[in-house]
Amino acid sequence: MENEQVCAHIRQITSLKESKDDVCEECIKTGDEWMHLRTCQTCGVTLCCDSSPNTHMSKHYHHTKHPVVISAEPGERWMWCYKDEVFADY
């Protein structure tokens, strides 16, 4: 990881859980659209970002307390910790 100021939650990530389907699993169920995708590094679920109408990944964090997500967008290599509000490139 490039950022030396990362939190303990991000430092604990030793291997990445990556998106398998490139869809928001919750938006698919309701027929909604999304902007960008994030993948939870605790359970591996891929959901839509806060720029999307349903903000499913933020809701997932508040419900599960799984702190770290990665961008599931092609070419993006970064992590976000919801708990500590810390961003890190990898």
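At 64% relative accessibility, Lys-29 is classed as exposed in this predicted model. Glu-26, by contrast, has a relative accessibility of 30% and is classed as partly exposed. These two residues are joined by a salt bridge, in which the closest N and O atoms lie 3.0 Å apart. A search of the whole structure identifies one salt bridge. Side chains of opposite charge can pair when their charged atoms come close. Both residues belong to helix 2, which spans residues 25-30, and because Lys-29 and Glu-26 are three residues apart there, about one helical turn separates them. An α-helix has 3.6 residues a turn, so residues three or four places apart point the same way.

The largest nonpolar core comprises twelve residues, namely Cys-24, Cys-27, Leu-37, Cys-40, Val-45, Leu-47, Cys-48, Met-57, Tyr-61, Val-69, Ala-72 and Tyr-82. Two or more residues of this core are supplied by each of strand 1 (37-40), strand 2 (46-48) and helix 3 (56-64).

Within the largest core, Leu-47 is one of the members. Beyond residues up to four places away in sequence, Leu-47 touches Cys-24, Glu-25 and Glu-26, then His-36, Leu-37 and Arg-38, and also His-56, Met-57 and His-60. Glu-26, the salt-bridge partner of Lys-29, is therefore also a contact of Leu-47, although Glu-26 itself counts as partly exposed.

Thr-46 is likewise located in strand 2. This residue is buried, its relative accessible area being 2%. Two polar contacts involve the Thr-46 side chain: one with the side chain of Thr-39, at 2.9 Å, and one with the side chain of Ser-19, at 3.5 Å. When neighbours within four places in sequence are set aside, the contacts of Thr-46 are Ser-19, Val-23, Cys-24, Glu-25, Leu-37, Arg-38, Thr-39, Met-57 and Ala-72. Several of these, including Cys-24, Leu-37, Met-57 and Ala-72, are members of the largest nonpolar core.

Helix 3 also contributes to the interior. The buried residues of this helix are His-56, Met-57, Ser-58, His-60 and Tyr-61. The elements covering them include helix 2, strand 1, strand 2 and strand 3 (68-71). Just after helix 3, Lys-65 adopts a positive phi of about 70 degrees.

How values were computed:
Residues numbered from 1 in each chain as written. Predicted model: local features only at pLDDT ≥ 70, side-chain atom pairs only at ≥ 80, totals over all residues. Heavy atoms only, no water. Salt bridge = Lys/Arg side-chain N within 4 Å of Asp/Glu carboxyl O. Helix = DSSP H or I, 4+ residues; strand = E, 2+ residues; numbered from the N terminus. Buried < 20%, exposed > 50% of the residue type's maximum accessible area, 1.4 Å probe, protein only. Core = buried A, V, L, I, M, F, W, Y, C linked by side-chain atoms within 4.5 Å. Contact = heavy atoms within 4.5 Å. Polar contact = N/O pair within 3.5 Å; in protein donor to acceptor, adjacent residues only side chain to side chain.
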